[in-house]
Amino acid sequence: MNQASPIVEIRNLDYAVSNRPIFVGLDIEIQRGLITAVMGPSGTGKTTLLRLITGQVQADSGSIEVAGENLRALSRAKLYVLRRRMGMLFQNGALLTDLSVFENVAFPLREHTNLSERLIRQLVLTKLQAVGLRGAAEMMPAELSGGMSRRVALARAIVMDPELLIYDEPFVGLDPISLGVILRLIRRLNDTLGITSIVVSHDVKEISSVADQVFLLSGGKVVAHGTPSELKSYPSETVKQFVGGLADGPVPFHFPAPDYFGELLSRSGDL
Amino acid sequence: MNALRELWQSLTDSLEKLGAVIQFLLRLIANSPRALMRFDLISQQIFNCGALSLVIIMLSGVFVGMVLGLQGYDLLQRFGSEEALGEAAAIGLVKELGPVVTALLFAGRAGTALASELGLMRATDQISAMEMMAVDPIQRVVVPRFLGGVIAMPLLAAVFSVIGIFGAQLVGVQFKGVDAGSFWSQMRASVTLADVNMGIVKSLVFGVACSLIAVYQGYYATPTAEGVGRATTYTVVTSAVVILFLDYLITAAFL
């Protein structure tokens, strides 16, 4: 595969849930080797986009190509083969609660390879060392903090040496120290392992410090695309509102409702 | 007219659900041969569903047997045939009470555990994480639990019946003075292989039904606290009704 070709290529994608359109004619290209951030207000379908890229849900129309494979044309078996080349970090870590930290990281190796126990141990300890949690190998998921769970999940996501690493809201609910650790890991893993990272987030400040390119989604489309610094000076009210964290703007503060005074003065039974 | 339409709608909904459950069962059966290759995963589930249910099964078995001994003695002594207590208790337990009560207890103890475990796995993205790791959750998680339940059920029913017979013997022979020789010899003379087979068939069918309902409800639970709670409740209620319905069908087929 040509290094210059995009690893993810989305063309004219439409996707709706219960007749409510989430994406209309979406076009996105994600370049290899970069950290790409997908941002947007809550409810714009950022996580849905990840689910589409990973083939967990199917688009209504349009095409999604990941590492040269058209997801719509893939059988389940071929999709599973493709997924072995991807790693995904879920919002809450999604560790298997009945397995220890070590076994969680070893899980993909045990399922997909016939490696010796000694080699599995070495690989797992190497990955745990990379996320700073080799000392927690024997702990159970219930004993870990939120930040530690996410780091273990990250070790599990990279244990099969993926080409593409996907992060779903990796900063939610983290204290500043854990957040700094995750940010540093995203950058370090991307550069040292030579992979491509997609980070879905709405934390403008954090993601701007680590992303190479940003796609800002709103209303089912990409409303802005560029480097984090380009986005700060983007000539669009939607982008200004999102980047500046303004309470009112194209995304209104008030959810659509009947006239305020009319409703206050009406009898309660009329509601 | 509206009532008729609603009735028709609920009937078609129920049939649709039944079709989905049968389709799910076929998927489990299709995946079973590969799952059997990794028997360690299944034996772990036999332990979870079977060994961990043993205490409740044995306790219930002894009490059910004791009640059966007491009621049986009261009835039989009216006709002067209390020596037949062993036969009555054994046939009642092996053919009917053993499989049915075990299945009802299994649904409450192991079925709810299966449904809530799978529901929580879905709610905490563990199922999605497996799919993302290219591991089929049906193959890795659901089938071992299903097969574990199917294998555990007849074993538990056998334990229940044996303990129940000892319970009946305790009340009949020790407390009420029925002759021990008559109790055991009449039982041996009258309980046939066909009676035991009927019990085995029932507990196998109940094992499939209870485990299927539990894993289906858990796997397709709405991924919220309320959804997991609902899946657990439905597991017990649906299992109880299905067990009693199937019990009638199998009894009618055998007799």
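Apart from neighbours within four places in sequence, G111(B) is in contact (heavy atoms within 4.5 Å) with F106(B), A214(B) and T235(B). The model is predicted: local features need pLDDT of at least 70, side-chain atom pairs count only at pLDDT 80 or more, and totals for chains, interfaces and linings use all residues. Residues are numbered from 1 along each chain as its sequence is written, chains are lettered from A and ligands numbered from 1 in the order in which they are written, and side-chain values use heavy atoms, with hydrogens and water left out.

G111(B) sits in helix α4 (residues 85-123) of chain B; helices here are DSSP runs of H or I with at least four residues, strands are runs of E with at least two, and both are numbered from the N terminus. With a relative accessible area of 1%, G111(B) is buried. Buried means under 20% relative accessible area, exposed over 50%, and partly exposed in between, using a 1.4 Å probe and protein chains only. I213(B) is 102 residues from G111(B) in sequence, yet their C-alpha atoms are 8.0 Å apart in space.

S211(B) belongs to helix α8 (residues 193-219) of chain B. Its relative accessibility is 0%, so S211(B) counts as buried. Setting aside neighbours within four places in sequence, the contacts of S211(B) are F106(B), F146(B), G149(B) and V150(B).

## Chain B overall

Chain B has 9 helices and 0 strands. Its C-alpha atoms fill a box of roughly 65 × 55 × 30 Å along the principal axes. Of the 255 residues in chain B, 47% are buried. Among contacts between residues at least 6 apart in sequence, 84% join residues at least 24 apart.

## Helix α2 of chain A

The buried residues in α2(A) are L79(A), Y80(A), L82(A) and R83(A). Seen down the helix axis, these residues fall within an arc of 160°, so they line one face of α2(A); the arc is that of the directions from the axis to the C-beta atoms. On the other side of α2(A), the residues A77(A), K78(A) and V81(A) are exposed.

The buried residues of α2(A) pack against elements of both chains: β4 (61-66), β5 (69-70) and β6 of chain A, and α5 (126-132) and α6 (137-175) of chain B.

## The interface of chains A and B

The contact takes 20 residues from chain A and 17 residues from chain B. About 1700 Å² is buried between the two chains, with carbon and sulfur atoms giving 58% of it. Buried area is the accessible area (1.4 Å probe) that two parts lose on being put together, summed over both. Y80(A), F107(A) and E111(A) supply 29% of the area that chain A buries against chain B, more than any other three residues.

The interface holds 3 salt bridges, each a side-chain nitrogen of Lys or Arg within 4 Å of a carboxyl oxygen of Asp or Glu. One of them joins the side chains of R76(A) and D136(B), at 3.3 Å from N to O. On the chain A side, the elements that give two or more residues are α2 (76-83), β6 (86-89) and α3 (101-112). Among these, α3(A) gives the most, with 4 residues.
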